[in-house]
Amino acid sequence: LYYNVQSGRPFSLIFGTDMNGDGFATNDLLYLPNDVIIVKNAGSTWTGDPNEQWNKFLASAGVTDPASGRIMERYELEEPWVRQMDFSYELGLPAFGGVRTSVTADVMNLLNMFDKNAGNVRFVPNQNFLPVTYGGIDSATGKPIYRERFADTIREDAHLSTADLRSRWQARLGVRVTF
């Protein structure tokens, strides 16, 4: 058995807006205001208070203080840890006429074979996620307006994708003949 535990890679939450005027709309780190107006995008499936949804999203991403009034650091957050177990077994059969034979069995991601949620590899594509765009300042309240970038980009764990192949269990049975 081989058990591998690996920490997640660092990632950043960024705006989908050119906040600093450098001509690039996808490289500015997210600002966490003390209070914000969240605008739901058409087609989103979450219900309830948008600010509560925003705070749940930030908590699922690993932000400890969503109303800290600061710009996030680059690569401040981390993807979830990966835990996988592989199994390998080889059985040598008695030699016959100078020919050695063995039977091999290998299972990669053994935990996933028994529990579909175990051994999953969750990651943030390109180590950056753009949950919102900046929509200006609300004239009535003076609060910044954040618009959900696409439908459901601020639901819990929306920033995570699943590595399809690495998250499956895979098995191989073989015969080795040596002469």
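This is a predicted model: local features need pLDDT of at least 70, side-chain atom pairs count only at pLDDT 80 or more; totals for chains, interfaces and linings use all residues.
You'll find Leu91 in strand S7, which covers residues 82–96. Is Leu91 buried, exposed or something in between? Its relative accessible area is 40%, so Leu91 is partly exposed. Leu91 also belongs to a nonpolar patch on the surface, together with Leu1, Phe87, Tyr89 and Leu93. Taken together, the five have about 500 Å² of accessible area.

Next, Tyr3. That one is in strand S1, residues 2–6. Tyr3 counts as partly exposed because its relative accessibility is 45%. Which residues does Tyr3 touch, once we skip its neighbours within four places in sequence? Those are Arg83, Gln84, Met85 and Leu111.

Asp65 itself is in the loop that runs between helix H1 (50–61) and strand S5 (70–71). With a relative accessible area of 41%, Asp65 is partly exposed.

Now let's go inside. The largest nonpolar core has 22 residues, and the ones that touch the most other members are Leu13, Leu30, Trp54, Leu58 and Tyr146. Which elements give two or more residues to this core? Strand S2 (10–13) and H1 do. The largest share is from H1, with four residues.

Leaving out residues up to four places away in sequence, Tyr146 touches Phe15, Leu30, Tyr31, Pro33, Val36, Ile37, Ile38 and Val39, and then Trp54, Val132, Thr133 and Tyr134.

On to Asn112, over in helix H2, residues 110–114. Why does Asn112 count as buried? Because buried means under 20% relative accessible area, and Asn112 has 10% relative accessibility. What lies 3.4 Å from a polar atom of the Asn112 side chain? That's the backbone nitrogen of Trp169. Trp169 also turns up among the residues that Asn112 touches, along with Asn117, Ala118, Asn120, Ser167 and Arg168, not counting anything up to four places away in sequence.

Last stop, two loop residues with a positive phi. Gln127 has a phi near 55°, and it is a residue other than glycine. Look for Gln127 in the loop between strand S9 (122–123) and strand S10 (128–129). Its relative accessibility is 22%, so Gln127 counts as partly exposed.

The other one is Asp157, also a residue other than glycine, with a positive phi near 60°. Where is Asp157 found? In the loop between strand S12 (144–148) and strand S13 (161–162). Asp157 counts as partly exposed because its relative accessibility is 33%.

Conventions:
Residues are numbered from 1 along each chain as its sequence is written. Side-chain values use heavy atoms; hydrogens and water are left out. Patches are made of residues with over 30% relative accessible area and no salt bridge: like charges are joined within 9 Å, nonpolar side chains (Val, Leu, Ile, Met, Phe, Trp, Tyr) within 5 Å. Accessible areas come from the Shrake-Rupley method with a 1.4 Å probe; for residues, only the protein chains shown count as cover. A salt bridge is a side-chain nitrogen of Lys or Arg within 4 Å of a carboxyl oxygen of Asp or Glu. Buried means under 20% relative accessible area, exposed over 50%, partly exposed in between (1.4 Å probe, protein chains only). A polar contact is a pair of N or O atoms within 3.5 Å; within protein, one must be able to donate a hydrogen and the other to accept it, and residues adjacent in sequence count only if both atoms are side-chain atoms. Contact means heavy atoms within 4.5 Å. A nonpolar core is a set of buried Ala, Val, Leu, Ile, Met, Phe, Trp, Tyr and Cys residues joined through side-chain atoms within 4.5 Å.
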